[in-house]
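Subject: Structure for your review

Dear colleague,

Please find below the sequence and the structure that I am handing over to you. A summary of what was found follows directly after them.

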Amino acid sequence: MDQQKFGVFLRQLRREKGMTQEQLAERLCVSNRSISRWETGVIT
């Protein structure tokens, strides 16, 4: 799965669960900035 497809997939799942990027970041123990980067395809 490429970075763009992963980002779209992650955003879709997060929205289906009614979560914000901040809430998801907290559950995954990462920063909300990381979630934003993942969703936009900027994975470093």
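According to UniProt, in an unreviewed entry, residues 10–41 carry the feature "domain: HTH cro/C1-type". Please note that the model is a predicted one. In the model, the span of residues 10–41 is 75% helix and 0% strand, and its end C-alpha atoms lie 10 Å apart.

Overall architecture

The protein chain comprises three helices and zero strands, and its pattern along the sequence reads α-α-α. The C-alpha trace spans about 25 × 20 × 10 Å along its principal axes. The protein chain has 44 residues, of which 20% count as buried. Among the contacts with a separation of 6 or more, 44% are between residues 24 or more positions apart.

Packing of α2 and α3

Two packed helices are described by the angle between their axes and the distance between the axes. For helix α2 (residues 21–28) and helix α3 (residues 32–40), the axes come within 8 Å and cross at roughly 110°. Because angles of 65 to 115 degrees count as roughly perpendicular, α2 and α3 are described as roughly perpendicular to each other. On the side of α2, the contact is made by Gln21, Glu22, Leu24, Ala25 and Leu28, while α3 contributes Asn32, Ile35, Ser36, Trp38 and Glu39. Sorted by class, this contact of α2 with α3 holds five nonpolar, three polar and two charged residues.

Nonpolar core and alanine 25

The largest nonpolar core has five residues, namely Leu10, Met19, Leu24, Ala25 and Ile35. Among the residues in the contact of α2 with α3 are Leu24, Ala25 and Ile35, and these three also belong to the core. Once neighbours within four places in sequence are set aside, alanine 25 is in contact with Val30, Ser31, Asn32 and Ile35.

Arginine 14

Apart from neighbours within four places in sequence, the contacts of arginine 14 are Met19, Thr20, Gln21, Leu24 and Glu39. Of these contacts of arginine 14, Met19 and Leu24 are members of the largest nonpolar core, and Gln21, Leu24 and Glu39 take part in the contact of α2 with α3.

With kind regards

Conventions. Residues are numbered from 1 along each chain as its sequence is written. This is a predicted model: local features need pLDDT of at least 70, side-chain atom pairs count only at pLDDT 80 or more; totals for chains, interfaces and linings use all residues. Side-chain values use heavy atoms; hydrogens and water are left out. Contact means heavy atoms within 4.5 Å. Axes are lines fitted to C-alpha atoms, for helices over the stretch in contact, and angles run from 0 to 180 degrees between N-to-C directions. Helices (H or I, at least four residues) and strands (E, at least two) are DSSP runs, numbered from the N terminus. Angles under 35 degrees count as roughly parallel, over 145 as roughly antiparallel, 65 to 115 as roughly perpendicular and the rest as oblique. Ala, Val, Leu, Ile, Met, Phe, Trp, Tyr, Cys and Pro count as nonpolar, Asp, Glu, Lys and Arg as charged, and the others, Gly among them, as polar. A nonpolar core is a set of buried Ala, Val, Leu, Ile, Met, Phe, Trp, Tyr and Cys residues joined through side-chain atoms within 4.5 Å. Buried means under 20% relative accessible area, exposed over 50%, partly exposed in between (1.4 Å probe, protein chains only). UniProt positions are given in the numbering used here, feature names are shortened, and annotations may be inferred rather than shown by experiment.
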